[in-house]
Amino acid sequence: MTIYLDHAATAPINDAAISALTEQVKKLGNASSVHNQGRAIRKDVEDARHLLSELVGCNPSEIIFTGSGTEANNLAIKGFYWNAIASNPKRKVIVTSAFEHHAILDPVEWLVEHEAAEQILIPITKVGVIDLDFLKDLIANRGAEIALISVMHSNNELGSLQPIAEVVKIAGDIPVHTDAVQSFGKVDFDFKQLGTTAATISAHKVGGPLGVAALILQRGLDLTPILHGGGQEREIRSGTLNAPAIVSFAAAAKSAIENRVANFKKVRELRDYFISQLKIAIPDLVINSVSDPALPGIVNATFPGTESDALLLLLDSEGISASAGSACSAGVPRPSHVLLALGISEADADASLRISIGSTNTKEEIDQVIKVFPSVVERARSAFVVNGLN
Amino acid sequence: MKLIAAMSGGVDSAVAAARAVDAGHEVVGVHLALSSNPQKYRSGARGCCTIEDSHDARRAADVIGIPFYIWDMAEEFHDGVVENFLSEYASGRTPNPCLRCNEKIKFAAVLDRAKGLGFDGVITGHYAQMRENELGRVMYRAQDPGKDQSYVLAVLNSDQLAGAHFPLGDTFKEEVRKEAKKRGLYVANKPDSHDICFVPSGDNAGWLRDRLGSEIGEIVDEAGNKLGEHKGAYTYTIGQRRGLGLTVPADGGSPRYVLKIEPKTNTVVVGAHEALAVKKIVGEKPIWCGPVPATQTQYRGFAQVRAHGAPLAASYTHDGESIRVELDEPLFGLATGQGLVIYDGDRVVGSATVAQTE
């Protein structure tokens, strides 16, 4: 038996998405063509865009489909930066939280290295949210130099929701982008209401297919594209529209939003049950994830005296899938930058796991996981002690 | 059994892992990240320390159908192997880092971690044979004399050997390549790795100079007469003839060889070929790969001092602290720091580090 507890990495595709995908993939046509096949595909894509816009709370023309959340984030970071310096060369500062996903941090670092951008990271408080006072001071002192503020809607390792509406208020005229790939479909999310300039959402996090995502971008704003070509998507993202994936994305999002409240309650209950049982099974564990306001299913815990790669290997051998931090390009596990930003020591960050529960999980699965956990932690500890002696 | 397969990304370790699966073991593949700053791609014929190699290992594990993980052993490797390599050279000795890696990493750090995690042992693609017989679980040379790697494994003690599995020991390399192809392992034609894995350029002397400095010193003859200069004594090897850059001809025009390296005075001593002759070897810190021979007793066997050196007929004794070997025929050119491995026929008896030669 395998138990999937890595829903924040990618979620199982839902039935609505599968049937939309399989139907659409049979259809011939390029949405940019003028002939009847092209028109038919164009209609499917635009219907999907329309549906998705209702679910996101934006105008259909504000949706720019991309190939991944990473691409949408790159488009936002680089596009806003290039726009800012084109209008005023002094606006070289990009502000993000310290615990953004690498798909935000790395494009910023690239701009620092190659295009003289300046990166400023907003520190994280002990409760897993950005330090708004820091941001206020920063804007008061250097607001005129800031090209873009990008803060994730919820953190993918801690689950904590971020005060985006506050950020928008503090930011004034400075563009604000939010990476909402973990939030959309799981917690209340409405683009217009939130007021950000741009947001990133991704299909495979909400039960849709891999390989499609979107940058939601306020009308009237033209970002400098990364991909040039056929001029699709407001000339901001060229490339033949991936109609099957887009149609499936909308279907998945519809299903996720329709079931959002019920799923949230179910997943939150499973999470709370899991944490309460895990605390009994492993009394010295430390919970790092945030309980509220937070995503429903994220659990992050430190198991003192272990190494996360040993825990993952042992859980995997028991058929349980979880995750930890990230790996470098060689695949070597590295302590999570999110936990380090939270002020957790490198050793404790190295001994931490993220378990992300989804609506397809059951209480029986959680019970099974709790059953094997003590022996997993015990073996990981003995491997660590042995290693330490060398 | 539950076994960890150490997978370098090469053909041997991939086939070894696949054979262990066929034999009914529960196998988990592990690639050791030994460099904290790995190169992206292989250059030349090096085969285990690049990101490309780790991808090859992962791909092989996926084809075999076993779980695969990367273990970060960069710190252990640096402390146990690279540092030792440098300090040995700095002391004028010639170390073999592959021996150290087997002793300190593959069958120590990795084996210990595997055991802690509940595994029974470690599989590698080394060419050597483990056999259970009246002597216990002991190691023999590989079937393929061209690939035999028992020399670099002779640093493993009985406890380490108890957890060591070498599924390729009974097979010739060419057969392993054919088998890899048949199994759909696309590393089947990957070239063998050579040289020292952590010296990516292959330029050992340059690598040492970068780390130990390149202080100019004297090249002298056995009487102490200066014949020339060098850039760092440790970049020379006992028995080396080429690259000395000497312009003063020897008496009779016979070639000169490196006889001795004196790190304290940064001096390289050269002389005639005959002066390289060694008949007696003292090795220290003996490691026994099976039953410990009785002390103060003379045995007949073979000594080998290089990974692909010839087995040399010899008599040996030991006193627990050191092994004394008397060769039947002289050996030309032996440096302190080299591994001395004792064989009884094809069985590996044990090893020691060359400390003195006569």
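In this predicted model, the crossing of α2(A) and α8(A) is left-handed. Helix α2 covers residues 36–56 of chain A and helix α8 covers residues 243–258 of chain A, and their axes come within 9 Å and cross at roughly 30°. Angles under 35 degrees count as roughly parallel, so α2(A) is roughly parallel to α8(A).

Which residues form this contact? On the α2(A) side they are A:Ile41, A:Asp44, A:Val45, A:Ala48, A:Leu51, A:Leu52 and A:Leu55, and these meet A:Ala243, A:Ile246, A:Val247, A:Phe249, A:Ala250, A:Ala253, A:Lys254 and A:Ile257 in α8(A). Sorted by class, the contact has 13 nonpolar residues, two charged and no polar ones.

Let me turn to the nonpolar core. The largest one has 219 residues, and those that touch the most other members are A:Ile216, A:Ile246, B:Ala5 and B:Val110. Helix α8(A) gives the most to this core, namely ten residues. One of its residues, A:Ile246, also takes part in the contact with α2(A). As for A:Ile216, its contacts beyond four places in sequence are A:Val56, A:Cys58, A:Glu62, A:Ile63, A:Phe191, A:Ala198, A:Ala199 and A:Ile201.

Next, the two chains. Here 16 residues of chain A are in contact with 19 residues of chain B. On the chain A side, the elements that give two or more residues are α10 (308–317) and α13 (363–389). That side has eight nonpolar, five polar and three charged residues.

Finally, some remarks on the backbone. Most residues other than glycine have a negative phi, and most peptide bonds are trans. Where does this model depart from that pattern? A cis peptide bond, with omega about -5°, joins A:Asp292 and A:Pro293. A:Pro293 lies in the loop between β9 (286–287) and β10 (298–302) of chain A.

A:Glu235 is not a glycine, yet its phi is positive, at about 60°. This glutamate is found in the loop between β8 (213–217) and α8 of chain A. Because A:Glu235 has 13 C-beta neighbours inside 10 Å, it counts as partly exposed.

In chain B, B:Asn266 has a positive phi near 55°. B:Asn266 sits in the loop between β10 (257–262) and β11 (267–271) of chain B. Is B:Asn266 buried or partly exposed? With 18 other C-beta atoms within 10 Å, B:Asn266 is partly exposed, because a buried residue needs 20 or more.

Key: Residues numbered from 1 in each chain as written. Chains lettered and ligands numbered in written order. Predicted model: local features only at pLDDT ≥ 70, side-chain atom pairs only at ≥ 80, totals over all residues. Contact = placed C-beta atoms within 7 Å. Helix = DSSP H or I, 4+ residues; strand = E, 2+ residues; numbered from the N terminus. Nonpolar A, V, L, I, M, F, W, Y, C, P; charged D, E, K, R; others polar. Axes fitted to C-alpha atoms, helices over the stretch in contact; angles between N-to-C directions. Parallel < 35°, antiparallel > 145°, perpendicular 65-115°, else oblique. Left-handed = near helix turned anticlockwise from the far one by under 90°. Core = buried A, V, L, I, M, F, W, Y, C linked by C-beta atoms within 7 Å. Buried ≥ 20, exposed ≤ 12 C-beta atoms within 10 Å, placed from the backbone.
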